[in-house]
Protein chains: 4
Amino acid sequence: NDAFEVAGRSFGSRLILGTGGATSLSTLEQALALSGTELTTVSIRHYSAGGSASVYELLQRHGIAALPNTAGCFTARDAILTAHLAREALETNWVKLEVIADEHTLLPDPLELFAAAEQLVADGFEVFAYTNDDPALAARLQDAGVAAVMPAGAPIGSGLGILNPHNIATIVSRATVPVILDAGVGTASDAAKAMELGCDAVLLASAVTRAHNAPLMAAAMRDAVRAGRAARLAGRIPVRDTALASSPGEGMMQALIGDFS
Amino acid sequence: NDAFEVAGRSFGSRLILGTGGATSLSTLEQALALSGTELTTVSIRHYSAGGSASVYELLQRHGIAALPNTAGCFTARDAILTAHLAREALETNWVKLEVIADEHTLLPDPLELFAAAEQLVADGFEVFAYTNDDPALAARLQDAGVAAVMPAGAPIGSGLGILNPHNIATIVSRATVPVILDAGVGTASDAAKAMELGCDAVLLASAVTRAHNAPLMAAAMRDAVRAGRAARLAGRIPVRDTALASSPGEGMMQALIGDFS
Amino acid sequence: NDAFEVAGRSFGSRLILGTGGATSLSTLEQALALSGTELTTVSIRHYSAGGSASVYELLQRHGIAALPNTAGCFTARDAILTAHLAREALETNWVKLEVIADEHTLLPDPLELFAAAEQLVADGFEVFAYTNDDPALAARLQDAGVAAVMPAGAPIGSGLGILNPHNIATIVSRATVPVILDAGVGTASDAAKAMELGCDAVLLASAVTRAHNAPLMAAAMRDAVRAGRAARLAGRIPVRDTALASSPGEGMMQALIGDFS
Amino acid sequence: NDAFEVAGRSFGSRLILGTGGATSLSTLEQALALSGTELTTVSIRHYSAGGSASVYELLQRHGIAALPNTAGCFTARDAILTAHLAREALETNWVKLEVIADEHTLLPDPLELFAAAEQLVADGFEVFAYTNDDPALAARLQDAGVAAVMPAGAPIGSGLGILNPHNIATIVSRATVPVILDAGVGTASDAAKAMELGCDAVLLASAVTRAHNAPLMAAAMRDAVRAGRAARLAGRIPVRDTALASSPGEGMMQALIGDFS
């Protein structure tokens with residue numbers, strides 16, 4: 001009854017599991033099964049090079065939908081080309097749009113990203129835009145007609161979690177399309193936190209595929225996303241600052257927030 | 001296969017749900033059922049005053065074990081007396097030892113706590129010691145023979161989460177008895193985090209009983225504790241600081257940690 | 001001997017004090033004097049409307065340089081026009097480029113900002129670009145020829161401090177032009193932290209002008225910026241995680257960083 | 001006009017600089033001079049063993065008062081003995097009381113500490129009690145008559161900063177004697193933060209003595225303590241959460257605080 005609706009489709013799971021970094025097909029299969037995911041990402045560049053054929057087969061066998069991505073593209077031009085290639089090869093107009101600024105940080109380039117998003121929307125794609133956590137850019141992207149904004153919690157593969165929860169919460173508060181936290185998740189509590197901040201879903205890959213025990217971590221992420229979603233819906237207790245009442249001077253709230261920065 | 005062992009007994013769930021703050025018996029019953037808990041705490045003072053009789057009955061009906069606590073005691077003397085009362089009334093030598101410093105902070109008094117713990121161990125009790133998050137006091141308590149140490153993440157009812165994860169991790173790293181995070185949990189990711197830090201179980205009450213939708217939050221906590229436990233066992237990916245490599249000067253790790261404080 | 005060099009000029013102070021929010025000219029004068037600042041920002045829109053004439057006079061009297069800004073501009077077109085207006089009126093080719101996305105968040109619009117920066121650089125301006133904290137956009141801006149990048153620590157006037165120190169440190173590590181932390185500072189330790197992260201200077205306004213005692217806070221910020229700069233240069237001690245050594249499992253560093261997110 | 005009053009004496013500086021870890025006497029002398037400190041700590045055990053004679057001479061030459069400490073004591077009995085030794089040797093009834101739980105964490109043992117404090121107060125000492133950050137223990141110590149409570153921000157020498165600002169703020173809000181932050185400071189912003197939280201003074205040693213450039217870091221700490229004190233007195237701006245207003249659901253304050261834990 002709490003389905004995840006995006007681009008006209010509906011999913012029972014709010015965990016999107018990327019396949020990158022898996023050490024073996026059988027481990028990946030176990031992880032996918034335990035994660036309960038119904039949607040995953042596939043690199044078109046990798047697929048076109050023949051690398052993902054067996055992964056793609058595996059997904060079809062399990063009835064898991066594939067969201068092709070433009071990983072490895074550094075310009076709008078490359079990303080647009082790759083998206084069109086994906087549409088032909090995989091017969092889907094869904095695309096996770098990644099336009100990377102540089103190989104070192106793997107952060108999205110906001111200018112190339114926006115240009116590519118505008119063009120792909122015009123070309124009839126359902127664009128899932130992998131973006132930084134800037135609320136202003138997220139607003140521009142949704143105004144441009146993307147199907148979902150996918151802010152990074154932290155750099156890809158860093159495992160740093162959500163570096164700026166304030167920004168994620170701001171994006172959520174003004175969202176007109178689904179918000180999917182993408183990149184940065186390192187462990188289960190990060191995924192739960194993303195959902196508590198109001199994200200509609202979480203995408204992660206290496207936190208599972210590179211964990212010591214990938215299938216067990218997949219189960220952890222399944223539970224964490226469910227837990228965070230339920231906590232958001234259940235309405236958490238307010239924070240009660242016992243130090244506040246007794247302090248005649250500056251509020252503890254300020255002190256804590258101040259500390260946060 | 002991953003049972004929670006404490007004081008010679010074994011539990012399938014690592015979530016201990018306190019009953020304080022419940023708005024109605026039927027809501028509490030739903031919450032207990034959805035939480036999957038097999039152990040809960042009952043206030044002896046409240047029980048003796050006749051207040052908890054129906055709660056106690058409810059627990060027995062669901063096969064949930066009861067851990068009597070000494071809530072409301074401000075001195076070792078009072079707490080010891082209350083524990084003996086509990087042993088007679090409920091026919092158990094288990095006691096969650098709470099000796100509160102003052103009504104404002106509800107923090108444990110370390111001196112009265114330690115004195116009471118020593119005496120109750122000598123009197124044959126299995127003492128579950130509700131303590132602050134001081135690793136030195138935790139070590140003294142386990143040396144004195146308590147069955148479990150229960151450090152507070154934050155003040156009771158504050159919902160502030162785990163204020164000092166460093167201390168909790170230090171306690172865990174030197175523990176010879178189970179460590180149960182007690183007090184402070186506000187939402188699901190807090191509970192997951194406690195388990196990821198290596199706690200053996202989590203005790204919480206108001207985060208569930210005072211949530212807008214208590215049964216749904218109970219389900220969230222069940223999943224969160226499972227998620228955090230699995231993530232701990234699965235072995236999370238290391239944190240990879242992409243800013244580190246490129247910085248010729250001070251490491252980012254330091255900058256981040258410095259910020260943490 | 002540790003001058004702040006930017007756009008071919010040299011300043012003895014690394015604190016840039018904005019004038020917005022001052023409650024009176026005399027308070028502002030005291031604050032400016034105590035801050036030790038040698039550079040301040042002036043709103044061109046406000047100045048052109050006659051509002052800042054007395055402020056501008058005050059700055060000239062104290063020998064404080066003025067950096068005109070394009071506050072209040074929502075498009076590249078408006079910002080470019082305003083910058084040209086400033087050049088004529090104040091006879092300077094320096095401009096702090098602000099292009100705001102919306103009145104609610106006051107966050108910079110990355111697309112309009114970049115377009116305006118490119119044009120103003122071509123028009124011969126020394127552009128001080130007020131930007132979000134995205135390392136990819138900062139890199140694009142410095143490649144476009146701006147004189148300085150000015151990432152926001154947090155939204156203007158929020159007093160939230162530095163929400164994402166990781167991003168600021170990444171920007172610093174790849175900077176080819178001075179990095180000036182702009183917006184978000186709430187108290188002295190925030191300013192010190194910015195300098196410790198490697199920023200070359202700090203710009204703040206409301207943290208001083210709206211403080212209960214503005215001149216005293218100005219003195220605090222002067223000392224804080226000096227302290228943070230000296231600490232950066234002095235080379236801080238490494239963080240030594242005493243919990244780490246004793247933990248057989250997951251490193252505390254990870255636990256702490258994980259918590260950070 | 002803002003003197004630091006403690007145990008009947010008055011100091012112009014709120015920075016107390018420990019001498020441990022100095023690499024040479026001449027570096028220490030420069031650091032002491034640049035720090036502006038008027039009070040320092042001296043290890044009695046070290047002094048008695050002849051190790052600190054030249055340091056002590058240096059302090060007298062500069063007119064810096066010495067606060068003998070009981071570093072190296074693991075029991076109340078040892079600490080009491082050492083304090084009496086100090087009183088005879090240095091002709092002062094001031095003592096910084098350290099009773100360490102173990103060599104690994106260097107955390108204070110709360111039980112031995114309290115027992116020693118009670119005895120030394122009875123013996124006529126002005127006791128400066130180095131304690132953990134527990135507000136309940138701090139209250140017990142001040143009730144027992146100590147001259148100052150000195151909560152640790154983090155373990156000695158860790159440079160982790162202030163791990164639990166909530167506890168420090170709670171201790172300050174209920175303090176009847178001066179609160180001196182002791183241990184944990186790693187860099188200048190940590191010291192500023194301690195003062196902003198309301199501490200009356202900051203004690204640190206290795207953050208200066210083990211810095212790459214100790215005299216420069218001493219100057220940084222002098223400025224940071226002044227900055228934090230002035231910021232506290234000046235009354236900082238409130239934190240204004242721009243995400244809050246626009247969020248119909250859960251407040252960002254909660255999200256942020258939740259994240260803090």
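A residue is called buried here when its relative accessible area is under 20%, exposed when it is over 50% and partly exposed in between (1.4 Å probe, protein chains only). The model is predicted, with local features needing pLDDT of at least 70 and side-chain atom pairs counted only at pLDDT 80 or more, while totals for chains, interfaces and linings use all residues. Residues are numbered from 1 along each chain as its sequence is written, chains are lettered from A in the order in which they are written, and side-chain values use heavy atoms, with hydrogens and water left out.

On to the rings. Phe, Tyr and Trp (its six-membered ring) pair if their centres lie within 6.5 Å, and planes under 30 degrees apart count as stacked, over 60 as edge-to-face and the rest as tilted. Over all chains, there are 12 aromatic pairs. One of them joins C:Phe4 and C:Phe11, whose centres are 6.3 Å apart with planes at 40°, so this pair is tilted. C:Phe4 is buried at 2% relative accessibility, as is C:Phe11 at 5%. D:Trp94 and D:Phe128 also make a tilted pair, at 4.9 Å centre to centre and 40° between the planes. In chain A, Phe4, Phe11, Trp94 and Phe128 come together as one aromatic cluster.

Charges turn up over rings too (NZ of Lys or CZ of Arg within 6 Å of the ring centre and within 35 degrees of the ring normal). A:Arg87 lies over the face of A:Phe125, 4.0 Å from the ring centre. For B:Lys96, the charged end sits over the ring of B:Tyr130, at 5.1 Å from its centre.
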